[in-house]
Amino acid sequence: MKVAIIGSGYVGLVAGACLAETGNDVVCADIDAGKVSRLQANEVPIYEPGLEPMIARNQAEGRLTFTTDIGGAVREARVVFIAVGTPPGEDGSADLQHVLAVARTIGRNMNFPKVVITKSTVPVGTAERVRAAIQGETSSPFYVCSNPEFLKEGAAIEDFMKPDRVVVGVDSDEAREALGELYAPFVRTGNPILFMDIPSAEVTKYAANAMLATRISFMNQVAEFCERVGADVQDVRRGIGTDRRIGSAFLFPGPGYGGSCFPKDVKAFIKTASDLDLKFDLLDSVEQVNERQKLVLLHKTQKALGANLSGKTVAVWGLAFKAETDDMRESPSIPLVFGLLKAGARVAAHDPKAMETSREIFGDKIVYAADPYSALQGADALVIVTEWLVYRNPDFSRMRSMMSRPLVLDGRNLFDPARMAGQGFEYHGIGRRTA
Ligand SMILES: NC(=O)c1ccc[n+]([C@@H]2O[C@H](COP(=O)([O-])OP(=O)(O)OC[C@H]3O[C@@H](n4cnc5c(N)ncnc54)[C@H](O)[C@@H]3O)[C@@H](O)[C@H]2O)c1
């Protein structure tokens, strides 16, 4: 099938590569000319495991192309995905200017009936706004549908190729057939394509992210409670996660959720509710807990080293909002590092993939270490923010020998407190009993 994907970011690139991989003729379009020319040279501007070879292979075999000619891409395609960003506006609502701009371009280039799919995360009612924006430019027939994306950065290819489910909101047979055909190769093992009406599909995406964010904030509060009473959140997590009604996924306490989705989607869900005179108090709390949680590692560091950190060196392992991505959007490392700097600390940080993106945020305010150990040279504390594999089994005696004070504040509970104490570390996790 001839497919156009407008917006070549995390979602557009992964969707484009995977749809090309299954034999479709895909063009990915973007307004960012620099990004497009890098992609044409197989240089992938983001880090996502497995993406680069898939793009190179499909480009070489002629099934995947990149362009800045958005109108041209639309004219050639039978189905057009809108996968541009929907960043938070000042009032928390999703900013739809890019989505609606693309919709108008699609309208101006409607040369035969097409299926137009909103893949960007958009509030309920947006597909209707997309329809109206297209209709404002053309009298030709077309079909809209909503197909929210559930991929996780860091595992995006796997999630797209083997989705738990595909959610499609439709109100026409044409859209249902086209999406059924496109997704058939990805659901061969029986995971469902869930067809529903368009508003339900739009709400599903926000409900899913809000639920996941709620589990994280819930566990972060349970962890805080555990610390007060001398319980261990790892045991509590196992104790509740084995209950099938609860399940074990997404029960890990940590330094607060970040990334391009949870923070903005929770805010947008709250805002859409408030526009409907509905107070989503539960999500207000989820957000507040998360804002507090993003400062927990800073407070633990200051509790151990004192509020004034001048003359102290703090090493930070991990800057990306989670492992296996270079994405720094809303990463808990940002308030942590700025808080440490404000308190006077010298910060030496390492991340396996997010050094380039973090330079755009911290500039020359911090020291960028070439490897995890060189960040530790003379450090008064190590703070672990991201759960990269490379941090999971380090050489503890080498670490200890490099640090001025063997203090580890672990935002991801990577290590066993008793083992760390045995190795001579002062070790504090999140919600763990200190050995
Ligand atoms: N990143 C994720 O993990 C994820 C997961 C599920 C859903 N989503 C949703 O998917 C959407 C895209 O997210 P992303 O992370 O891929 O964003 P992104 O910022 O990485 O990419 C968006 C791309 O759209 C391009 N763009 C903006 N305006 C354009 C226009 N008018 N025409 C053509 N291109 C344009 C930008 O240049 C950019 O390359 C968002 O709504 C997001 O909430 C993201």
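A charge is taken to sit over a ring if NZ of Lys or CZ of Arg is within 6 Å of the ring centre and within 35 degrees of the ring normal. The structure is a predicted model, in which local features need pLDDT of at least 70 and side-chain atom pairs count only at pLDDT 80 or more, whereas totals for chains, interfaces and linings use all residues. Residues are numbered from 1 along each chain as its sequence is written, and side-chain values use heavy atoms, with hydrogens and water left out.

| Charged residue | Ring | Distance to ring centre |
|---|---|---|
| Lys114 | Phe112 | 3.6 Å |
| Arg176 | Phe195 | 4.6 Å |

Rings of Phe, Tyr and Trp (its six-membered ring) pair if their centres lie within 6.5 Å, with planes under 30 degrees apart counted as stacked, over 60 as edge-to-face and the rest as tilted. By this rule the model holds 13 aromatic pairs. Trp317 and Tyr373 form an edge-to-face pair, 6.5 Å centre to centre with 85 degrees between the planes. Trp317 belongs to strand S9 (residues 313-317) and Tyr373 to the loop between strand S11 (367-368) and strand S12 (381-384), so the pair ties together parts that are 56 residues apart in sequence; strands are DSSP runs (E, at least two residues), numbered from the N terminus. With buried meaning under 20% relative accessible area (1.4 Å probe, protein chains only), Trp317 is buried at 1% and Tyr373 is buried at 15%. Elsewhere, ring pairs link Phe396, Phe415, Phe425 and Tyr427 into a cluster.

Definitions and conventions: Helices (H or I, at least four residues) and strands (E, at least two) are DSSP runs, numbered from the N terminus. Buried means under 20% relative accessible area, exposed over 50%, partly exposed in between (1.4 Å probe, protein chains only).
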